[in-house]
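Please work through the following exercises with the sequence and the structure at hand, trying each task before reading its solution.

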Amino acid sequence: MRRLWALTLPLALALASLPQLTGAEEQIVTGLSQNRVEITANYDGSNILIYGAVKRTAPPPEGPRLEVIVTVEGPAQPLVLRRKEKVAGIWINQSAVTISSAPSFYAVATTGPFTEILSHTDDLRYRISLPQVIRAIGITAEAADSPDFVEALKRIRMNEDRYHIAIGRVQLLQETLFRADVELPANLSDGNYKVRLFILRGGQVIDRQDRYIGVRKAGMERDLFNLAHEQPLLYGVISLLLAAFAGWAASAGFRYMRR
Amino acid sequence: MQIYLPIAEVSINAFLLLGLGGIVGFLSGMFGVGGGFLITPLLLFIGVPAGVAVATGANQVVASSISGMLVQMKRRGVDFRMGMVLLIGGLIGSFIGVQVFAWMTALGQIDLFVQLSYVLFLGLIGGLMFVESLRSILRNRKQGVAMPVRRSHVHTWAHRLPFKMKFRVSGLYVSIIPPLLIGALVGLLSACMGVGGGFILVPAMIYLLGVPTRVVVGTSLFQIIFTTGFTTLMHAVNSQTVDMVLALLLIVGGVIGAQIGALVSTRLQAEQLRILLALLVISVCFKIALDLLLQPAELFSITPLVLP
């Protein structure tokens, strides 16, 4: 009897995981309209087209529909969030929480609402929705109403065009071809922007692919930025000389004009 | 025409920046104030990060002050000796101010501290100047053109202190203690609030030292060039927040504005000039006070931490 169990158990397990195996036969193939963004003096935001297809060896399986989620994530940094409260008639910064890491940019586009297409466990595992991306671990100890702070971070950054949630904005054709457009704002920081593409069925991620967009300052913008950080004293002196020269030139110019 | 600012890391319309620089430069040339108390809030308003706004604002003030001072110099409107005494006081003050700034930043209350200082000093000085200049305008009206013999300056308690020094351009023989103290106060505020301090310096020179209005503007600008220059350099070295592209656009607008302002100021009477400056100072004070008293639209603020 025990022997029989030993034989059938692996078989049963294999059968149980069969739907996932067939799922894994759907693979994701992706591309980006550009994988470099150069920030020059006249940079004013850019539009990235993220596209892809689902590669299959068999016809698409029956059951839950295929769903797609695309995320773009900028370099992360720790933050302090402060809240003003009324003390003695004036509004001053009173309570504060520290967020260990929040991306400077985050855009997520999907084929449908999170509650319908993404299970909570996979959201936790892959950190897809905004509350998972903002790492606010341990903030409950700092303020009684810490969720308000995370909510505020989300709200402020969405107003600044730094965070986007585009529900239903991934176009999916015939459960095979898909595309999403992501606007990179004008107030962009340098770094590697991680693009993640997920295909899902029944709330489970069945395949994913990562890509990167390199965002770099270029030309004069880069030279000035590097000078400011590598030779700060020289940079400061140049700034002052520039100011002194401009002040003198304007004064001399006007005197000349009045003659 | 949008232009990307490399240090501020935002993209802003270049003509908007030229215009802002022009307005602030105009006021600077007209009143002898650096305009730092205007440029910093204006830059914040159009989306420049706070650190960059303070540091780059200081850099812009350097340029408009030089431009304005050169005009005053042609007219013998700069008392270099007085300027140097104020400057020595200013350096001592800004050294203390840097420590206070660091202490308030550590407490997380630097914004409040800056705003309260603004309200207190702008309100006090604006109010005093307004009342005084209004009174003297009314007096002039009543008496018509027949004015009594005017002294070139007013005798104050500042004349009774020791360590007297002759300030020939101002026509003063006063103790150097009051100018040193005033310079120190301005330096302190400059380091804490990121302003040149002209709005304090100008009235303090007129009312406390009795410096004639004719040389006040030029001498104030002389002192401001050095305090804001020092501030710019400190910020460039310590926090890399001086944005040269932003500064250049503000400067081009600013120096032109300063020239026009200086021309306009020669057409106005001293009392009119003072009452206009008083109104400007009071309105900025009023705006900041409202910000403190009314519930802000956004209670939360984000401060990025520097990675260790």
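This is a predicted model: local features need pLDDT of at least 70, side-chain atom pairs count only at pLDDT 80 or more; totals for chains, interfaces and linings use all residues.

**Exercise 1.** Work out how compact chain B is for a protein of 308 residues.

*Solution.* Begin with the secondary structure, where chain B holds 10 helices and 5 strands. Next take the radius of gyration, which is 19 Å and lies close to the 19 Å given by the globule rule for 308 residues, so chain B is as compact as a globular protein of that length. Then look at the extent of the C-alpha trace, which spans about 65 × 40 × 40 Å along its principal axes. Finally, consider how the chain folds on itself: buried residues make up 53% of the 308 residues, and, among the contacts in chain B with a separation of 6 or more, 80% join residues 24 or more positions apart.

**Exercise 2.** Describe which residues of helix H2 of chain B are buried and what they pack against.

*Solution.* Helix H2 covers residues 36–45 of chain B, and its buried residues are Gly36(B), Phe37(B), Leu38(B), Ile39(B), Thr40(B) and Leu43(B). These buried residues pack against helices H1 (14–31), H3 (50–74), H7 (198–209), H8 (213–238) and H10 (270–293) of chain B. Just after H2(B), the backbone at Gly47(B) takes a positive phi of about 100°.

**Exercise 3.** Determine how the two domains of chain A are placed and where they touch.

*Solution.* Chain A is divided into domain 1 (22–74 + 103–217) and domain 2 (218–259), and the centres of these domains, taken over C-alpha atoms, are separated by 42 Å. At their meeting, 6 residues of domain 1 of chain A are in contact with 6 residues of domain 2 of chain A. On the domain 1 side, strand S2 (36–39) and strand S12 (204–217) of chain A each supply at least two residues. By class, that side of domain 1 has 2 nonpolar, 1 polar and 3 charged residues.

How values were computed. Residues are numbered from 1 along each chain as its sequence is written. Chains are lettered from A and ligands numbered from 1 in the order in which they are written. Helices (H or I, at least four residues) and strands (E, at least two) are DSSP runs, numbered from the N terminus. The radius of gyration is taken over C-alpha atoms; the globule rule is 2.2 Å times the number of residues to the power 0.38. A residue is buried if 20 or more other C-beta atoms lie within 10 Å of its own, exposed if 12 or fewer, and partly exposed in between; C-beta atoms are placed from the backbone. Two residues are in contact if their C-beta atoms, placed from the backbone, lie within 7 Å. Domain bounds come from an automatic or database domain assignment. Ala, Val, Leu, Ile, Met, Phe, Trp, Tyr, Cys and Pro count as nonpolar, Asp, Glu, Lys and Arg as charged, and the others, Gly among them, as polar.
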